[in-house]
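Trainee: Could you take me through one part of this model slowly? I would like to look closely at a single sheet.

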Amino acid sequence: MTFQSSKPSATLSARQLSLGYGERAIVADLSLTLPAGKVTVIVGANACGKSTLLRGMARLLPPSAGVVHLNGADIHKLPTRELARELGILPQTPTAPDGITVADLVGRGRSPHQGWFRQWTADDDAAVASALNVTGTAGLAGRSIDELSGGQRQRVWIAMALAQQTQVLLLDEPTTYLDLAHQVEVLDVVSELNARRGITVAIVLHDLNLAARYADYLVAMKAGSIVAQGAPGEVLTAELVREVFGLESVVVPDPVVGTPMVVPMGRRAALLADAAASKLSSQTVTESVRA
Amino acid sequence: MSSLGTTPADGAAPATAAWVRARRKGPRRRRALITAILALAVFGLLAVNILLGSYTVSIPDFLRMLGGRGIPGASFIIMENKLPQALLGLLSGAAFGVSGAIFQSMLRNPLASPDIIGISYGASASAVAAVVLFGVRGAGVSVAAIVGALVVALLITALARGRGGTGLILIGIGAAAFMQAAVTFLLSRADIRSAQDAMVWLSGSLNSANWERVGILSLALLVLLPLTAAGSGSLNGLALGADTATGLGHNVPRARLLLTLVGVLLAALPTAAAGPIAFVAFLSGPMAKRLNGGAVSLPLAALVGAAIVLSANFAAVNAVPGISLPVGVVTGALGAPFLLWLLISSNRANLGS
């Protein structure tokens, strides 16, 4: 089980999926196909059901209706260990038992590949080594998780998910609690991985600009349904931001790579504009007097 | 990847499979060494409990007795009293230790041991009720204890549904208080002699050990420990939380059911045989974890549990000349300061991060 970039990319799709907790329905009758071998980013306001959708697609939440297919097979009908070799999920803010070391935690990503009669092998060592290298956590391997900073910890969790060596990787807000530099770092790791191994990735993100930067395919959700989906350059517009977040904004090209960048208006923008206008008008008055 | 160079250790050479292998082997060797040392210590404590104390026997004499030769005066004390006592201490300590470690890592909280969340009290209350109200003796008490522990476990899991680990622990502490009240009520209703018997049993005592109890407990462990070994892989997964465990391919509901069942039985059976020996289940897991450099190890927890009970029993039997204290008095007295130390030191660790 070395890294197989030759293996065709996997397709994960939800068909007429309804999800909820108890009586409360959160996602209703939703269909979505994650483009194979691409990075899909799911965005939306708080409580729009984006995390619920990801949990549903990762079989952490049984659907009340509909199905999720991985390469055509119903994920709820596959043995859970077999599925775990194909589909990895990093839940939102996972917690490690205290005292566990980085090497131990990343090693647990190999557990779906092991069993009663297949103990730890050289392939497992190679997978762990590669996951540590890709995430830049090799130097931390002997440290205890509790000693790490938030950014390091998140990279270690991603390393665990990578050690699982799945064809599909779902990440639920992997950048929560991280500063901007660490957010970019984590997303860079994921996108490099996608480029190198052609794995299918879906990420739930809050930051629209990072979403536009890192997504091949953007999915915008509102109240449990998909409002828009497609390449960020096509779907991310001021109208969409207004509809999904109820926020006035200007969408301009990102000066670094040219993907759409959302600049919010907010009430302070109006205040600042007024102040600037009055300053400008008084300046023009004095200037004209001087003249 | 230049942006990754933010940690001091990142300058190190990239990891290779051989390097990971070496990293993995290190803790394993350490664990094997500690397990061997602790096993020797437990064996030593077992020997001390059998051979030394108020009545001393030489090793050759003991071996002769084991061989079936009777030595007047000594045979009865050793074969019917000290040997079953020591063996019961070994078995119940190991069972409590494993049970505690299972619940603590499954619920991801050191407070979640069966003696704190009411499972052991459930076993006690139901066993006392069986003895006091129905005059049950022998294996019937074990059955009553198991039923009581299972009922309490079922009740607290049902009540704590959707409230997470902390909710379950709080509800368990409430259930424990309720069970204690029930025991007190039952004792106040019992006649003075059976009440006194029950009191000794309730504080956890190896004094009434006999071969029947040793036999029941060893048979039970013979079945339960392989089941525990089968579930220990899932335990490693569950310790990461239900979502991560599912993502790693563990069947979480099935694993929880199996481990809860095994954990409850491992707490209830020694409780029936020796009473709820205070703090053993609670202490063994964290102590084993510390010895093991932070990782959970069920065999180590079993050895630590056995070591605690055996050393406490030796102290209890020999501390006050002429009086054989219940072992639970000693574990309780030793356990409370350890709990405080554990809380203080773990708090300090939390502040440090």
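Trainee: In what order do the 6 strands of the open sheet in chain A come, and what kind of pairing do they have?

Mentor: Happy to! First, this is a predicted model, in which local features need pLDDT of at least 70 and side-chain atom pairs count only at pLDDT 80 or more, while totals for chains, interfaces and linings use all residues. Residues are numbered from 1 along each chain as its sequence is written, and chains are lettered from A and ligands numbered from 1 in the order in which they are written.

Now follow the sheet across chain A: the order is β6-β7-β8-β3-β9-β10, with mixed pairing. Strands here are DSSP runs of E with at least two residues, and helices are runs of H or I with at least four, numbered from the N terminus. Two strands pair if DSSP finds at least two bridges between them. At the edges of the sheet in chain A stand β6 (87–90) and β10 (225–230); each has a single partner strand, so one side of each has no neighbour in the sheet. From one strand to the next, the twist averages 15°.

Let's zoom in on one pair. In chain A, β7 (residues 168–172) and β8 (residues 200–204) run parallel, joined by 5 bridges. For example, A:Val168 has A:Thr200 of β8(A) as its bridge partner.

A helix joins the picture too: α6 (residues 180–197) of chain A packs on the sheet, where α6 touches β3 (39–44), β7 and β8 of chain A. Contact means that the C-beta atoms of two residues, placed from the backbone, lie within 7 Å. The direction of α6 makes about 160° with that of β8(A). Such angles run from 0 to 180 degrees between N-to-C directions, with axes fitted as lines to C-alpha atoms, for helices over the stretch in contact.
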